[in-house]
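Please read them with the model open.

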Amino acid sequence: MLDFLGDLKRTHRCGDLRAADAGTDVVLMGWVHRRRDHGQVIFIDLRDRAGLAQIVFNRDSAPQAHAKAEELRTEFVAAIEGKVIRREKPNADLPTGEVEVLATRLHLLNTAKTPPFVVEDDTTAAEETRLRYRYLDLRRPREHRNLKLRHQVILEIRKTLDALGFYEIETPMLTRSTPEGARDYLVPSRIYPGQFYALPQSPQIFKQILMIGGLDRYFQIVRCFRDEDLRADRQPEFTQLDLEMSFVRPDDVFDVIERAMQAAFAVIGVKIARPFRHMLYKDAIRRYGSDKPDLRFGMELSDFTTHFEPARATFGFEGSIFGLVAPGAAAWSRKQLDEMTERGKAAGARGVYTVKVTAEGNSSPLEKTLGAEGVKKLVEAAGAKPGDMIVAASAREQIKGTEAAALVAGQLRLFLADKLSLVPKDRWELLWLTGFPLFEWSETDKQWVSAQHPFTGIVEEDLDKLESAPWEVRSKGYDLVLNGTELGSGSVRIHRQDIQARLFRALGLTDEQAKQRFGFFLEALSYGTPPHGGIALGLDRVVMLLAGEKSLREVIAFPKTAKAQDLMAESPSSVPPEQLDDLGIVLKPRE
């Protein structure tokens with residue numbers, strides 16, 4: 001028979017009991033984690049979000065409680081009245097392991113079905129099962145730790161920004177559709193049939209309007225939505241740390257974010273130094289083959305093009321050849337080399353070339369085309385030592401860009417670092433990446449498109465190239481990168497209406513199209529807009545890295561799957577026909 005809670009009040013959390021609490025009368029409440037019946041004595045581990053406490057039911061001292069404890073099963077909800085006593089045999093693996101609670105009364109608050117998996121950190125349940133029964137998965141200590149960390153990180157960021165004079169201001173969730181590269185989630189309006197709101201991909205326009213409104217410093221922990229194609233570790237709804245500041249240069253934004261990141265890292269007991277490193281985009285591509293380089297290890301890239309010129313016709317490559325020295329990889333087997341080559345091809349390689357350097361000499365298929373002397377010069381130029389392996393790559397023709405081979409080599413760099421165990425797990429490398437091009441070429445549209453959002457500021461010296469040579473125009477954008485993961489992007493914005501209009505024309509938008517998409521914002525720009533800039537950081541990513549997790553889903557309370565489904569709530573779902581009729585919507589079957 002189940003008990004009511006009544007006036008019973010919890011005095012302690014299970015995981016908080018320590019040796020100093022011995023002799024204290026307590027009331028604990030939680031879930032039955034384990035039960036061990038030894039006849040005269042029954043032991044249970046009671047669990048709440050703070051941890052476990054061992055409860056002892058003794059038939060001699062509390063016969064009624066002992067008899068009731070025989071009914072307990074895993075995940076039953078119980079309240080325990082009792083006294084904290086020292087254990088005869090302490091459990092050093094448990095924070096509460098020096099004490100246990102000798103129960104005097106047991107209140108059975110609820111029963112539970114047998115769960116589909118055991119609620120513990122090292123569960124073997126498939127992720128799909130865990131997400132379907134997310135309410136059970138959330139009981140695991142790992143999820144509690146991650147969500148506690150998330151709370152603490154957000155709290156410290158809020159404190160930091162408040163101390164720096166920022167206001168936290170909410171921006172609309174129902175707004176106008178203004179595509180920013182991904183598709184909007186649309187919300188039909190019942191009151192205005194045939195018209196739609198859009199869920200925001202970001203608060204970009206609104207936070208700029210807040211600057212026009214004189215609010216000076218804004219931030220928000222905000223939910224954003226993007227209807228993107230399915231990707232392994234992206235969420236259709238995600239959380240950003242979003243901020244904007246007036247009368248600023250990039251360095252002002254950097255200073256604020258660095259202080260906020262210091263506060264976030266302090267939560268896990270890590271002290272990070274300021275200022276963070278800076279690197280130009282073009283240098284990151286040439287040195288690391290990535291616009292989000294992982295700086296925790298070396299293996300910088302080199303341009304080997306001149307050494308491969310004699311083989312250009314034979315290998316049929318265009319553009320450059322980039323490569324690197326993989327320390328200690330000269331002993332790699334054919335199987336390992338084949339795996340690396342496949343990884344290179346998946347990244348867009350036309351060819352992957354290797355030279356093994358040993359004390360006995362160099363070994364490479366390249367000797368057939370470059371000759372022994374050519375291979376020797378390549379080894380010398382690379383600075384390879386006996387035991388090392390040189391890895392170089394060319395790119396396929398359909399991969400555009402002058403540094404396409406560097407991008408391929410950058411992927412091989414990450415692959416090799418993982419296989420050679422070169423990535424330290426306890427090192428944090430934060431980097432500001434600047435000097436991005438404002439435009440990129442779209443093969444689909446056959447024109448230059450904005451590489452960032454169309455409100456990104458333009459380096460003043462490049463304004464004259466906006467119409468004549470857009471590929472040479474640099475933006476005032478910047479990215480923050482941590483250990484090879486992009487945390488977020490920002491920029492100093494365009495604050496002048498004339499320059500904003502020029503950019504829209506350079507993007508192929510007529511004045512009418514620009515007005516249709518951004519009319520209210522362009523109107524706002526004409527009323528004295530201050531110079532301003534900001535940034536948005538992926539808060540889910542920040543917490544994921546600080547928690548040491550590999551998936552965003554481990555630090556989000558109710559995540560979607562890689563297929564953008566909520567298995568627990570069974571969404572997305574169909575709706576009744578009368579609801580569609582009320583909205584004036586007719587569904588069209590997909591062909």
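1. Phe520 is partly exposed, with a relative accessible area of 39%. Here buried means under 20% relative accessible area, exposed means over 50%, and partly exposed lies in between, with a 1.4 Å probe and protein chains only. Phe206 is also partly exposed, at 23%.

2. Some notes on the source come next. This is a predicted model, in which local features need pLDDT of at least 70 and side-chain atom pairs count only at pLDDT 80 or more, while totals for chains, interfaces and linings use all residues. Residues are numbered from 1 along each chain as its sequence is written, and side-chain values use heavy atoms, with hydrogens and water left out.

3. The chain holds 16 helices and 22 strands. These are DSSP runs numbered from the N terminus: helices are H or I with at least four residues, strands are E with at least two. The C-alpha trace spans about 90 × 75 × 55 Å along its principal axes. Of the 591 residues in the chain, 46% are buried.

4. A contact means heavy atoms within 4.5 Å. Taking contacts between residues at least 6 apart in sequence, 66% join residues at least 24 apart.

5. Where do the mean positions of the 82 positive and 86 negative charges lie relative to each other? They are 2 Å apart. Lys and Arg count as positive and Asp and Glu as negative, with His and the chain ends not counted; the place of a charge is NZ of Lys, CZ of Arg, CG of Asp or CD of Glu.

6. Helix H5 (residues 204-212) is mostly covered, with seven of its nine residues buried. Among them are Gln204, Lys207 and Met211. The buried residues of H5 pack against strand S9 (217-225), strand S10 (237-246), helix H14 (511-525) and strand S22 (532-538). Gly214, which follows H5, has a positive phi near 80°.

7. The largest nonpolar core has 38 residues, and those touching the most other members are Leu243, Ile257, Met261, Leu430, Leu480 and Leu487. Helix H6 (250-266) is one of the elements that each supply at least two residues of this core, and H6 gives the most, with seven. A nonpolar core is a set of buried Ala, Val, Leu, Ile, Met, Phe, Trp, Tyr and Cys residues joined through side-chain atoms within 4.5 Å.

8. Which residues does Met261 touch, not counting those up to four places away in sequence? They are Ile272, Phe276, Leu430, Leu480, Leu487, Leu537 and Val542. A second, separate core of 28 residues includes Phe297, Met340, Ala404 and Leu420.

9. There are 14 aromatic pairs. Rings of Phe, Tyr and Trp (its six-membered ring) pair if their centres lie within 6.5 Å; planes under 30 degrees apart count as stacked, over 60 as edge-to-face and the rest as tilted. Phe206 and Phe520 form a tilted pair, 6.4 Å centre to centre with 40° between the planes. This pair links distant parts of the chain, as Phe206 in H5 and Phe520 in H14 are 314 residues apart.

10. Phe254 and Tyr478 form an edge-to-face pair, 5.1 Å centre to centre with 85° between the planes. Phe254 lies in helix H6 and Tyr478 in strand S20, so the pair ties together parts that are 224 residues apart in sequence. Phe254 is buried, with a relative accessible area of 4%, and Tyr478 is buried at 1%.

11. Phe455, Phe504, Phe518 and Phe521 are linked into a cluster by ring pairs.
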